[in-house]
Amino acid sequence: MTRPVPESPGPGQESVWDYPRPPALDASGELVEVQLGGVVVARTRASLRVLETSHPPTYYLPVDAFVDGALVPVEGHTVCEWKGRASYFDVVGGDRRAARAAWTYPEPVDAYAALSGHVAVMPGLVDACFVDGERVRPQEGGFYGGWVTDRVVGPFKGGPGTWGW
């Protein structure tokens, strides 16, 4: 499979093709919010962005950014080749429960130790996610948890035909 042609970033934008592999961690002071069931279930200005080649950023919020009861641990784990073993949560807000919509790395590998105590949310499984007031568009495909905003340009991995990028 050939590498796609990266879009050129405009002023204030980033190309996901300039992100490294293995991924980098980037502290963010942007206002990040997650909504479910008509309520804000998480809000912070202290998130971490995971930046990986061909992927829109995944935002990890401190666990204390979530309202009490919003994160319900569930069975099952996966393994990321970079970060280690992930554990999952259902996200609860208002009258909704989004199954396995969030995950964390309780004991990430040393290079990603900063992710300990942080939780990522799959934007396509909750009502909405926002970054500095901009509504996030979910990364295509349902497997990755990238947050697409006007700040980043692709093309993005995740959609049909992109598995081998």
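How much space lies in the largest pocket? About 740 Å³ lies there, in a model that is predicted. The pocket has 31 lining residues, and C80, K83, Y105, F143 and Y144 are the closest to its centre. Strand 6, strand 7, strand 8 and strand 9 each supply at least two residues of the lining. Strand 7 gives the most, with 3 residues.

Strands of a sheet pair through backbone hydrogen bonds, in a parallel or an antiparallel way. In this model an open sheet holds 7 strands in the order 2-5-6-10-9-8-7, and the pairing is antiparallel. Strand 2 (24–28) and strand 7 (71–80) are at the edges; each has a single partner strand, so one side of each has no neighbour in the sheet. On average, neighbouring strands of this sheet are turned by 35° against each other, if direction is ignored.

The loop between strand 5 (47–51) and strand 6 (58–62) contains E52. Is E52 buried or exposed? The relative accessibility of E52 is 12%, and because buried means under 20%, E52 counts as buried. Leaving out residues up to four places away in sequence, E52 touches V16, Y19, P20, R21, P23 and W82.

**A hairpin**

Strand 3 (residues 32–36) and strand 4 (residues 39–44) also pair in the antiparallel sense, over 5 bridges. Q35 has V40 of strand 4 as its bridge partner. The hairpin has 2 residues between these strands, and G37 in this hairpin takes a positive phi near 65°.

**Nonpolar cores**

The largest nonpolar core has 23 residues, and those with the most contacts inside it are V34, L61, F66, V91, V121, V126 and W147. Strand 3, strand 4, strand 6, strand 8 (84–93), strand 9 (96–104), strand 10 (118–121) and strand 11 (128–131) are the elements that give two or more residues to this core. Apart from this core lies another, of 12 residues, including L48, Y88, W103 and A120.

What does L61 contact, leaving aside its neighbours within four places in sequence? The contacts of L61 are V32, V34, A42, T44, F66, G117, H118 and V119.

**Backbone exceptions**

Most residues other than glycine have a negative phi, and most peptide bonds are trans.

| Site | Feature | Angle | Location |
|---|---|---|---|
| R21 to P22 | cis peptide bond | omega near 5° | P22: loop between strand 1 (14–15) and strand 2 |
| G154 to P155 | cis peptide bond | omega about 10° | P155: segment after strand 15 (152–153) |
| R100 | positive phi | phi about 50° | strand 9 |
| D132 | positive phi | phi about 50° | loop between strand 11 and strand 12 (134–135) |

R100 has a relative accessibility of 34% and counts as partly exposed. D132 is also partly exposed, with a relative accessible area of 49%. R21, on one side of a cis bond, is among the residues that E52 touches.

Conventions. Residues are numbered from 1 along each chain as its sequence is written. This is a predicted model: local features need pLDDT of at least 70, side-chain atom pairs count only at pLDDT 80 or more; totals for chains, interfaces and linings use all residues. Side-chain values use heavy atoms; hydrogens and water are left out. Helices (H or I, at least four residues) and strands (E, at least two) are DSSP runs, numbered from the N terminus. Buried means under 20% relative accessible area, exposed over 50%, partly exposed in between (1.4 Å probe, protein chains only). Contact means heavy atoms within 4.5 Å. Two strands pair if DSSP finds at least two bridges between them. A nonpolar core is a set of buried Ala, Val, Leu, Ile, Met, Phe, Trp, Tyr and Cys residues joined through side-chain atoms within 4.5 Å. Axes are lines fitted to C-alpha atoms, for helices over the stretch in contact, and angles run from 0 to 180 degrees between N-to-C directions. On a 1 Å grid over the protein atoms alone, a cavity is a set of points where a 1.4 Å probe fits but cannot get out, and a pocket is an open set with protein on both sides within 12 Å along at least five of seven lines; lining residues have an atom within 4 Å of a point. Grid points are joined across faces, edges and corners, and a volume is the space filled by probe spheres set on the points.
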